[in-house]
Amino acid sequence: MIQTTDSILVTGATGKVGSEAVRLLVEGGSAVRAFVRSADSVVPHGAEIAVGDLDDVRSIDAALVGISVVVLVTPGVPTQEIALIEAAVRAGVRHIVYVTSKASLDAPIERRRWHAQVENVLRGSGIAYTLLRSNAYMQNTLGLGPVIAATGAFASSAGEGRMGMVDTRDVAAVGAAIAAAPEQHRGQTYHLTGPEALSYSDVAAVLTDLLGTSVSFSAISADRERELMIARGVPDAVATMNAQAFHLNASGDADWVTADVELVTGRPARSFREFAADHLRAFRA
């Protein structure tokens, strides 16, 4: 059971990782404050709500009053993340758990360069920290659900590249476990994946088996994938970075697997088959 005497702030508390982290911390008896944009936001019962915006420094300062640990989950806007880190220094926060990515300052994808920039600020802040570098999220496949349900097929520029995809619920579980007992994780970087690396052809095979109907996969260009994402409503800049990432995956960029989820939580990471079974309605016609 997760238990702590620290007060914990979770940003992005209505998103996939943040909301699950809040739920787990509340269930474990932690004092949790969920940083949300609206007082009408739905958060797990037992969590305190702090209404604000990461572009509003005053609201960040107010949300951090009495907070010892922060689980920092954002869409990846460096100015917002850096503003929170600076506010955390002013507030005397002891530890930040930062949900980041395969980050480096010379990465070909801008989002990864952003994460590296924020990590450097965090390292220089004087606050203890833990980095969670997640592989591709299994939940990203849910965006393909409508086309799979309608056509029994999907496409990506990832080609036959394998990915050590991780369930966001496991990322949240790692973040919650560390936030509840941060001292032993001070300065650590965890690389979070599922138990195996799969190609999209493997994903199609799993879905075929679970759905009982054929699902096929085909490779397309990164430009075409970007166009399809924009057509689904993904913002242009995000679609560009996502298409770049998938294209890199074709050459093995995400073909890595660790046991870090189990190392931190004490239980194995969920497989894609488990994830798909839990979300089968999203792929079913």
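View 1. A search of the whole structure finds 18 salt bridges, each being a side-chain nitrogen of Lys or Arg within 4 Å of a carboxyl oxygen of Asp or Glu. This is a predicted model, so local features need pLDDT of at least 70 and side-chain atom pairs count only at pLDDT 80 or more, while totals for chains, interfaces and linings use all residues. Residues are numbered from 1 along each chain as its sequence is written, and side-chain values use heavy atoms, with hydrogens and water left out. Lys102 forms a salt bridge with Asp253, with 2.9 Å between the closest N and O atoms. Lys102 sits in the loop between β5 and α4 (110-123), and Asp253 in the loop between α9 (236-249) and α10, 151 residues apart; helices (H or I, at least four residues) and strands (E, at least two) are DSSP runs numbered from the N terminus. Asp253 also meets Arg112 in a salt bridge (2.7 Å, N to O), and Arg112 belongs to helix α4, 141 residues away. Both Asp253 and Arg112 are buried, whereas Lys102 is partly exposed at 37% relative accessibility (buried means under 20% relative accessible area, exposed over 50%, partly exposed in between, with a 1.4 Å probe and protein chains only).

**View 2. Arg273 and Asp209.** Here the closest N and O atoms of the salt bridge are 2.9 Å apart. Arg273 lies in helix α11 (residues 272-278) and Asp209 in helix α7 (residues 200-211), so the pair ties together parts 64 residues apart in sequence.

View 3. Look for Glu81 in helix α3 (residues 78-91). Glu81 is buried yet has no salt bridge, and the nearest side chain of opposite charge, Arg111, is 10 Å away (Lys and Arg count as positive, Asp and Glu as negative; His and the chain ends are not counted). Its side chain does make a polar contact with that of Tyr98 (3.0 Å); such a contact is a pair of N or O atoms within 3.5 Å, and within protein one must be able to donate a hydrogen and the other to accept it, with residues adjacent in sequence counting only if both atoms are side-chain atoms.

**View 4. The largest nonpolar core.** Val22, Leu132 and Leu192 touch the most other members among its 34 residues. A nonpolar core is a set of buried Ala, Val, Leu, Ile, Met, Phe, Trp, Tyr and Cys residues joined through side-chain atoms within 4.5 Å. Helix α6 gives the most to this core, with 8 residues.
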